[in-house]
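Subject: Handover of the model and what was found in it

Dear colleague,

I am passing on the structure below, followed by an account of what was computed from it. Please read the account alongside the coordinates.

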Amino acid sequence: MKKRAEHQEPFVRMIKRASITQGKAWVIRGIALLGAIVTGALLLLILGHNPIGIYGEMVRGAFGGTMYIKETVRTAIPLLISAIGIAFAFKMKFWNIGAEGQILIGGIAASAVAIHYDAQFAAWAAESGSILPRILLLVLMFLAAIAAGGLYGVVPAIFKSKWGTNETLFTLMLNYIALQYVKYLAYQPAWKMAGTSFPKVRMFDPIAVLPKVMGIHIGWIIALLLVVLAHYYLTRTKHGYEIAVVGESTNTARYAGINVSKVYLRTMFISGALCGLAGYLVAAGADGTLTEGTAGGVGFTAITVAWLSKMNPITMLIVAVFIAALDRGAGFQSSTGVPESCAEVLVGIILFFMLGCEFFINYKLVFRSRKEAAA
């Protein structure tokens, strides 16, 4: 009897799915979203608020008018670009948790060009009456941002390929270095606002600010182009194939003649460069200056976007807009009297359910049958 009990199947066990149709996967995601909404509604009821009214305010806060839509898109731009950058690294199982720092470094490099050269370019523009100086300045800022972000991403790749260091901890620590450097620059006379001792990087000259298209800085056009280019690169090129092979198995990649170290370095440069580009777009597009909040948690949230999207750039576009809408919609507490902490909890519940449902897409629960229980 004791021997039989030892070999008895557990009441419920977890097994990996061999495959799942896209339709069934989206049904699971839909159920998860519904579960998140119901759970959030129960929380609001317990706190004495009207869930329907609160959810309505969230939708209005994200899409309730032209101004709200623009803010949602503006929030989604760096989120989408950073998620694409992270996906490049994650596809080869290189856990780049340093997007936050790479965004800041890109913003720092772009700001350095703007702050030190905007006066010269502004004078040139005034003398020539041409838009060429502005274009050249913005291009220089762009190149500085992607170069700095890319090199910042290459550093952990060098250590990983040569000495096998843990890239998760390495990239995470680089975030704090970048953040502290931004704080340091805010105290430097050449960077500070004139006539004040307050530690704040001065605003850019208008010539160093990105132009707008349809009321939003041109970063949204760049983001859409990157979605197409990244999808093509990852699925239709030799480099994209090498990234996938390295992600599956470094031993297999080496056996196939792929230089794993070279793939690490090349891909992490692209990953960091894209995150640096996001920093440039925030500094020169959304904010018009460099601050400690230039990254503002985007680098960490982008991990969620990349993971939910299965590293697919096209799906990232949808997920990034969804999460940006949640972020903008969470501002409803100002008009409803709901505490800000409660708003953040609601957003957290929705993200928790959406991430958790991926478990049920990849795995399923198998319950012991009556026949097995009787055996």
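Of the 375 residues in the protein chain, 43% count as buried, where buried is under 20% relative accessible area, exposed is over 50%, and partly exposed is in between, with a 1.4 Å probe and protein chains only. This is a predicted model, in which local features need pLDDT of at least 70 and side-chain atom pairs count only at pLDDT 80 or more, while totals for chains, interfaces and linings use all residues. Residues are numbered from 1 along each chain as its sequence is written, and side-chain values use heavy atoms, with hydrogens and water left out.

Overall picture

The protein chain has 16 helices and four strands; these are DSSP runs numbered from the N terminus, with helices being H or I of at least four residues and strands being E of at least two. Taken along the principal axes, the C-alpha atoms fill a box of roughly 95 × 60 × 35 Å. Among contacts in the protein chain with a separation of 6 or more, 78% are accounted for by residues 24 or more positions apart, a contact being heavy atoms within 4.5 Å.

The largest nonpolar core contains 102 residues, and those with the most contacts inside it are I81, I84, M141 and Y280; such a core is a set of buried Ala, Val, Leu, Ile, Met, Phe, Trp, Tyr and Cys residues joined through side-chain atoms within 4.5 Å. As background, nonpolar side chains tend to be buried together in soluble globular proteins. Once its neighbours within four places in sequence are left aside, I84 is in contact with L226, V227, A230, L274 and M316.

Helix packing

For the helix pairs, axes are lines fitted to C-alpha atoms over the stretch in contact, and angles run from 0 to 180 degrees between N-to-C directions. Angles under 35 degrees count as roughly parallel, over 145 as roughly antiparallel, 65 to 115 as roughly perpendicular, and the rest as oblique. A crossing is left-handed if the near helix is turned anticlockwise from the far one by less than a right angle, and right-handed if clockwise.

Helix α5 (residues 99-128) and helix α7 (residues 167-185) have axes that come within 7 Å and cross at roughly 30°, which means that α5 is roughly parallel to α7. Their crossing is left-handed, and the contact is made by A99, E100, G101, L104, I105 and I108 of α5 together with L174, N175, A178, L179, Y181, V182 and L185 of α7. By class, this contact of α5 with α7 has ten nonpolar, two polar and one charged residues, where Ala, Val, Leu, Ile, Met, Phe, Trp, Tyr, Cys and Pro count as nonpolar, Asp, Glu, Lys and Arg as charged, and the others, Gly among them, as polar.

The axes of helix α9 (residues 238-248) and helix α11 (residues 260-287) come within 10 Å and cross at roughly 115°, so α9 is roughly perpendicular to α11. This crossing is also left-handed, with H239, E242, I243 and V246 of α9 meeting V260, V263, Y264, R266 and T267 of α11. The residues of that contact divide into five nonpolar, two polar and two charged.

Helix α6 (residues 132-163) packs against α11 at an angle of about 140°, their axes being 6 Å apart, and the two are therefore oblique to each other. Here α6 passes α11 in a right-handed crossing, and the contact has 19 nonpolar, seven polar and one charged residues.

Individual residues

A273 lies in helix α11 and is buried, because its relative accessible area is 11%. Leaving aside neighbours within four places in sequence, A273 is in contact with I146, G149 and G150.

H217 is found in strand β3 (residues 216-217) and counts as buried, at 3% relative accessibility. Not counting residues up to four places away in sequence, H217 touches R74, I77, L210, P211, K212, L281, G285 and A286.

K93, in the loop between α4 (66-91) and α5, has a positive phi of about 60° although it is not a glycine, and its 42% relative accessibility makes K93 partly exposed. K310, in the loop between α12 (298-308) and α13 (313-329), has a positive phi of about 55° and is likewise not a glycine; K310 is partly exposed, with a relative accessible area of 41%.

With best regards
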